[in-house]
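Please open the model in a viewer and keep the selection panel at hand.

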Amino acid sequence: MAAAAGEELGEPSPRDFEYREEDFVLRAAEWGAEPGSAPSRFDRALLDGWNDRMERGLFRYRLGPLPTRVLPGPMRLVAQLNQQRGSERRPPQAVHSLRQPFDPRAFNFTRIRPGEVLLRLRRAGGGPDPPEPLLVAINASPLERGHVLLLPEPARGLPQALTAPLLLAGLEAALLSAHPGFRVGFNGLGGCASVNHLHLHGLYLPRPLPVEAAPARPLSPRLSLLRDVPAPAFLFYAAGPAALGALSRDVCRAAEHLAAAGLACNLFATRGDPPEG
């Protein structure tokens with residue numbers, strides 16, 4: 001990693017983070033293990049930078065312990081109270097269409113402060129199906145410790161419509177973490193996206209979730225329907241890194257089909273059992 005010159009003057013600067021397929025953690029730590037007992041190189045770089053920005057006061061609020069409990073009932077939903085996010089976050093932008101164009105006059109990620117960017121994430125070597133290089137920036141109104149935004153080049157001004165190269169980069173970022181609770185998500189327009197500028201979310205959630213072991217009904221060789229979950233959901237599953245490029249394209253075709261039908265959608269990427277398990 002290399003620090004920019006500004007850091008020598010006391011200003012936080014993003015660090016270059018280059019990775020290869022050998023850096024993927026194919027089996028994360030077990031849930032019973034001590035949290036953070038064996039972080040990956042990616043975990044250390046992300047969390048060290050995130051904690052540094054918290055100490056520097058770059059967030060909208062200081063994140064303390066959050067009251068969390070598992071709700072009664074068969075789904076065992078996880079509920080968490082984060083009052084400051086509800087009262088101090090930037091108001092979400094109005095969404096009038098699932099195909100709303102990018103508006104440079106509205107808040108967008110070209111306006112974030114340089115110190116909010118933690119990492120410049122790039123896979124070495126390229127290849128026939130390269131992921132998008134990403135900026136890893138703090139979410140200034142965090143849901144949890146380590147909550148970050150995964151951004152393709154902000155200057156391109158892309159609206160919040162999922163692309164396969166971005167999704168592939170986000171899935172690879174998830175595989176760079178050794179923590180079983182590092183998840184990646186995408187909020188679509190009309191599906192709680194608060195900024196119409198292309199981004200993913202990455203965050204550490206310190207417990208397993210019901211969706212990771214929910215039963216699934218196969219619809220095709222690469223697509224299943226999740227059952228016994230709070231909302232209808234399709235399951236796309238990849239058994240390893242080699243299948244992530246095709247999976248990313250499949251997911252984006254599905255998202256485009258839903259948008260054409262006027263249906264908003266979100267995406268949640270996590271480690272979990274295979275559909276037949």
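This is a predicted model: local features need pLDDT of at least 70, side-chain atom pairs count only at pLDDT 80 or more; totals for chains, interfaces and linings use all residues.

**Whole chain**

Residues are numbered from 1 along each chain as its sequence is written, and side-chain values use heavy atoms, with hydrogens and water left out.

Next, display the C-alpha trace, which spans about 55 × 45 × 45 Å along its principal axes. Of the 277 residues, 42% are buried, that is, under 20% relative accessible area with a 1.4 Å probe, protein chains only. Contacts (heavy atoms within 4.5 Å) with a separation of 6 or more are made to 67% by residues 24 or more positions apart.

**Nonpolar cores**

Select Phe 17, Phe 42, Leu 46, Trp 50, Leu 121, Leu 150 and Leu 162, which touch the most other members of the largest nonpolar core, a set of 45 residues. Such a core consists of buried Ala, Val, Leu, Ile, Met, Phe, Trp, Tyr and Cys residues joined through side-chain atoms within 4.5 Å. Helix H3 (residues 164-176) supplies the largest share of this core, 10 residues.

Now centre on Leu 121: beyond four places in sequence, its contacts include Tyr 19, Pro 133, Val 136 and Ala 173.

Finally, select Leu 135, Leu 149, Leu 151 and Val 195, which are among the nine residues of a second, separate core.

Key: Buried means under 20% relative accessible area, exposed over 50%, partly exposed in between (1.4 Å probe, protein chains only). Helices (H or I, at least four residues) and strands (E, at least two) are DSSP runs, numbered from the N terminus.
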